[in-house]
Every structure is written in C-alpha cells, then in structure tokens.
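Hi there,

Here is the structure I promised to pass on to you.

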Amino acid sequence: MKIAIIILNWNGRHLLEKFLPVVLEHSAEQAAVYVADNASTDDSVAFLGENFPQVKIISNSTNGGYAKGYNEALQHVNEELFILMNSDIATSPGWLEPIIEAFKVNPNLGAAQPKILDLKRPDYFEYAGAGGGFIDSFGYPFCRGRLFETLEKDEGQYNDTLPVFWASGACLAIRRTAFYDAGGLDETFFAHQEEIDLCWRVQALGYAVYHIGSSSVYHLGGATLEQMNPQKTYLNFRNGLMLLLKNVHGLQVYPIIFFRMCLDGIAALKFLAEGKPKHSYAILRAHFSFYAKIPETLSLRRKTPKLKTYSTTFSIVWKYFVLGKKYYTDIF
C-alpha cells in the first residue's frame with residue numbers, strides 16, 4: 001500500500017521548521033511526504049526547497065481553507081492512502097505502522113485517526129479528536145477523552161481500536177477511493193467540522209471510520225485559530241447547522257435544527273454572561289450566514305447519501321451542563 005502524508009500549510013514556516021523533521025524521522029521510510037501550501041506570503045516554500053528537498057511541494061493558487069486546500073492538493077497525489085495532517089502535529093516512533101496495518105486487513109475501512117494527545121500536556125488528550133469523535137442528536141461534536149472544554153488524562157483507557165463516528169482532521173487517514181467516492185471535502189465549510197461531514201458521507205456509502213489507539217500523535221492546537229477565537233466560534237456554530245441540514249435523514253432534520261438553534265441562543269447568552277460579547281456576536285453571525293447558505297446547502301442535501309442513525313446520545317449539552325457529567329465514561 002502506497003502512503004502519502006499531506007501537510008497543509010499557510011504562513012507556517014515556524015511550524016514546518018519545528019514539526020516537519022519529526023514527521024520525516026518517523027514516517028519517511030513508509031510514506032511520501034507532501035506539503036500543500038495555501039498561497040503563503042511568508043517564506044515557507046523557499047524554506048522547504050532549501051532545507052527539505054525530499055518533501056514534495058504542492059502550491060495552491062489561493063488560501064481556500066482546509067477543505068479547498070486539500071481538495072486542490074490531492075489532485076496531485078496518487079498514493080492509495082492519504083494522511084491529512086496539520087502542520088502542528090508531532091508524530092511518535094512507530095505511529096504509522098498500526099494505521100497502515102488497519103487499512104491493509106480491513107478493505108472496508110474508509111477513514112481513521114490515531115489517538116491525539118496534547119503536545120503541551122502529553123499525558124492529556126487534545127481537543128481536536130482525542131480518542132475518536134461522535135456527535136449528539138443536535139450535531140454537537142464530542143470525543144472520547146474530551147467533552148466540551150474538559151480533557152481527560154490519558155491512562156490507556158482509549159488504547160483500543162474501534163468504530164467512531166468521525167475521525168479528526170488534525171490527523172486523518174482516508175483511503176483514496178473513499179475520499180473520492182464521497183465527493184471529497186465540502187468547500188462551503190471552509191474550515192472546522194468538514195471532516196465530520198466527510199466521515200458522515202463515507203459511512204453512508206458503507207465504509208467504516210475507526211479510532212486506532214495503538215497509534216499516538218501530539219497536537220499543539222490553536223496554531224491557525226486559538227480555541228477561544230471568535231472566528232472559531234463563528235465557524236463551528238455555522239458549520240454545525242450546515243452539517244445537520246445537509247446530512248440528517250428525513251423530515252426530522254427540521255425540528256432538530258430548530259431545537260439546535262435554541263440551544264445556540266442559550267450558548268450566546270452564556271457567553272454574554274461570562275463577559276465574552278464577541279463570541280455571542282459570532283453565534284449571531286453564524287446563524288445569519290447559515291440562513292444565507294440554506295439554498296446551497298439544500299442543493300447539496302439532495303445529492304448527499306444519508307444514514308438513518310448518526311448519534312449515540314440525545315443531548316451532550318444536557319448531560320454536560322445540567323447533569324454535570326464531564327467525562328465520556330460518565331455518559332456511556
């Protein structure tokens with residue numbers, strides 16, 4: 001099986017300098033390594049050419065975000081297995097072998113992620129993916145090892161390999177055929193939750209999505225947008241609504257979206273009470289942007305394969321904020 005690691009870069013020369021040597025040390029014997037540059041205005045491309053001649057450079061014409069950036073770059077990649085990797089990921093020795101083996105032994109495996117730990121606190125799970133992702137009935141994402149802002153300590157509790165609903169875009173292994181069968185990443189998302197949308201479609205086509213706990217990587221996080229950046233809040237809330245409208249099966253989608261929007265309103269009030277008015281405004285902007293995108297999203301909905309069931313819990317918001325259940329193991 002031919003493997004390609006594709007690192008998307010935008011003005012991240014400092015991240016490439018720090019993390020790329022580690023990736024090459026742990027991966028170059030098994031995989032071709034690409035850097036897809038999203039029209040950087042720093043000296044990223046020149047730096048790569050001078051210091052990493054073994055890395056293949058793909059130059060995108062514009063900064064189209066995560067989705068468009070990868071869609072354009074992957075047209076130049078011919079390997080059987082894509083590993084889409086953030087530029088702030090530090091791999092560990094032997095991380096790649098369990099992933100390759102999982103795809104070799106299971107031809108139905110469409111996408112997977114390793115265990116994702118926090119580079120700043122290596123004993124803890126990292127926000128973007130942790131031990132594999134799920135969503136509740138209203139589209140709020142959560143992970144084994146991470147519910148909202150609560151991160152679990154890694155004590156080997158998620159060293160297993162098992163199906164999950166979504167694999168993190170921070171380090172997403174996806175079979176080439178599954179990526180293109182599902183239609184690639186949805187560029188209307190720009191960034192955030194586009195991997196959930198992709199994994200949803202991959203599963204609707206009959207592929208499996210897995211967490212592979214015998215493989216570990218470490219994520220710095222916040223290298224592009226800090227966790228509490230209002231723009232991140234805007235994208236997450238807007239894209240969450242788009243995710244539901246596009247993918248939820250049947251007429252149930254409309255009451256689900258209505259209730260989700262009510263919950264979003266409560267979140268906006270909570271931000272306001274916490275003295276974070278920019279985040280409240282970000283949620284308001286997210287809703288108006290969603291309204292503007294309804295015709296486009298409905299058009300995509302008609303073309304999108306559906307799953308009849310997608311959630312493993314009714315409301316993670318209720319369980320976390322009202323019942324006080326802070327850990328994945330408290331919920332299931």
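Below is what turned up on salt bridges, a pocket and a surface patch.

Please keep in mind that this is a predicted model.

Let me start with the salt bridges, of which the whole structure has 13. One of them pairs the side chains of Asp154 and Lys115, at 3.1 Å from N to O. Asp154 sits in the loop between β10 and β11 and Lys115 in strand β6, so this contact ties together parts that are 39 residues apart in sequence. Both residues are buried.

The loop between β10 and β11 also holds Asp160, whose side chain meets that of Arg144 at 2.8 Å, N to O. Arg144 belongs to the loop between β8 and β9, 16 residues apart from its partner. Here Arg144 is buried, with 4% relative accessible area, whereas Asp160 is partly exposed at 29%.

Within helix α8, Arg260 and Asp264 are four residues apart, about one turn of the helix, and their closest N and O atoms are 2.9 Å apart. Arg260 is buried at 2% relative accessibility, and so is Asp264 at 0%. Elsewhere, salt bridges with shared partners join Asp186, Asp197, Arg201 and Lys246 into one network.

Arg201 and Lys246 come up again in the second largest pocket: they are among the residues nearest its centre, along with Ala182, Leu300 and Thr304. This pocket holds about 160 Å³ of space, and its lining comprises five nonpolar, three polar and five charged residues.

Finally, Tyr281, Leu284, Phe288 and Tyr291 make a nonpolar surface patch with about 450 Å² of accessible area together. Leu284 lies in helix α9 and is partly exposed, at 44%.

Best wishes

Methods:
Residues are numbered from 1 along each chain as its sequence is written. This is a predicted model: local features need pLDDT of at least 70, side-chain atom pairs count only at pLDDT 80 or more; totals for chains, interfaces and linings use all residues. Side-chain values use heavy atoms; hydrogens and water are left out. On a 1 Å grid over the protein atoms alone, a cavity is a set of points where a 1.4 Å probe fits but cannot get out, and a pocket is an open set with protein on both sides within 12 Å along at least five of seven lines; lining residues have an atom within 4 Å of a point. Grid points are joined across faces, edges and corners, and a volume is the space filled by probe spheres set on the points. Ala, Val, Leu, Ile, Met, Phe, Trp, Tyr, Cys and Pro count as nonpolar, Asp, Glu, Lys and Arg as charged, and the others, Gly among them, as polar. Patches are made of residues with over 30% relative accessible area and no salt bridge: like charges are joined within 9 Å, nonpolar side chains (Val, Leu, Ile, Met, Phe, Trp, Tyr) within 5 Å. Accessible areas come from the Shrake-Rupley method with a 1.4 Å probe; for residues, only the protein chains shown count as cover. A salt bridge is a side-chain nitrogen of Lys or Arg within 4 Å of a carboxyl oxygen of Asp or Glu. Helices (H or I, at least four residues) and strands (E, at least two) are DSSP runs, numbered from the N terminus. Buried means under 20% relative accessible area, exposed over 50%, partly exposed in between (1.4 Å probe, protein chains only).
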